[in-house]
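Here are a few friendly notes to go with your look at this model. Please keep the viewer open while you read.

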Amino acid sequence: MSQARSPKEIAFLILLSQTLTGLTAATLFFYFLDLESARSSLIGSTIAVLTSLHLLSVLFNSKTKKPKSIVNTLYLLEALKFLLTALFFIGAIILLKAIFFPLIIGYSVAIFMYWLSLLIT
């Protein structure tokens, strides 16, 4: 019988799975297309990992214990996560000249892994 994992361990495993999935997508883009596509895919998955990291770090630092307050905090953090994601995408496209398709694919696979991990745990 396995021992239950701590919330911080679960959070670490979620971020690790997102990172590994993002690296896999970038490797596939490099193999089938080129370095620039791989770079763009890696930027997309990094956006997903950074926004997840931000959400989880704020959540773990929260002192709120009432269920209603926890739910409200989660809603607020998810809204902030969407805003950060949009800002990162704008920066990636304008400043880093990322290619849109690999960027969105890298982001999508990492976000998919985030939600899949939440379902599994």
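1. Where is the place of Ser117? This residue sits in helix H4. Keep in mind that the model is a predicted one, so to speak of its surroundings is to speak of computed values.

2. Is Ser117 buried or exposed? Its relative accessibility is 9%, and Ser117 counts as buried because that value is under the 20% cut-off.

3. What does the side chain of Ser117 reach? At 2.7 Å it meets the backbone oxygen of Met113. Leaving aside residues up to four places away in sequence, Ser117 touches Ile14 and Ser17.

4. Ile14 also turns up in the largest pocket, where Ile14, Leu56, Leu59, Tyr114 and Leu118 are the lining residues nearest the centre. The lining has 13 residues in total, and two or more of them come from each of H1, helix H2 (35-61), H3 and helix H4 (100-120).

5. By class, the lining of the largest pocket holds 12 nonpolar residues and 1 charged residue, with no polar ones.

6. How far does the confidence go? The protein has an average pLDDT of 89, and 95% of the residues score at least 70. Among the elements, helix H1 (residues 7-32) has the highest mean pLDDT, at 94, while helix H3 (residues 67-94) has the lowest, at 87.

Note on methods. Residues numbered from 1 in each chain as written. Predicted model: local features only at pLDDT ≥ 70, side-chain atom pairs only at ≥ 80, totals over all residues. Heavy atoms only, no water. pLDDT = per-residue confidence, 0-100. Helix = DSSP H or I, 4+ residues; strand = E, 2+ residues; numbered from the N terminus. 1 Å grid on protein atoms, 1.4 Å probe; cavity = no way out; pocket = protein on both sides within 12 Å on 5 of 7 lines; lining within 4 Å. Nonpolar A, V, L, I, M, F, W, Y, C, P; charged D, E, K, R; others polar. Buried < 20%, exposed > 50% of the residue type's maximum accessible area, 1.4 Å probe, protein only. Polar contact = N/O pair within 3.5 Å; in protein donor to acceptor, adjacent residues only side chain to side chain. Contact = heavy atoms within 4.5 Å.
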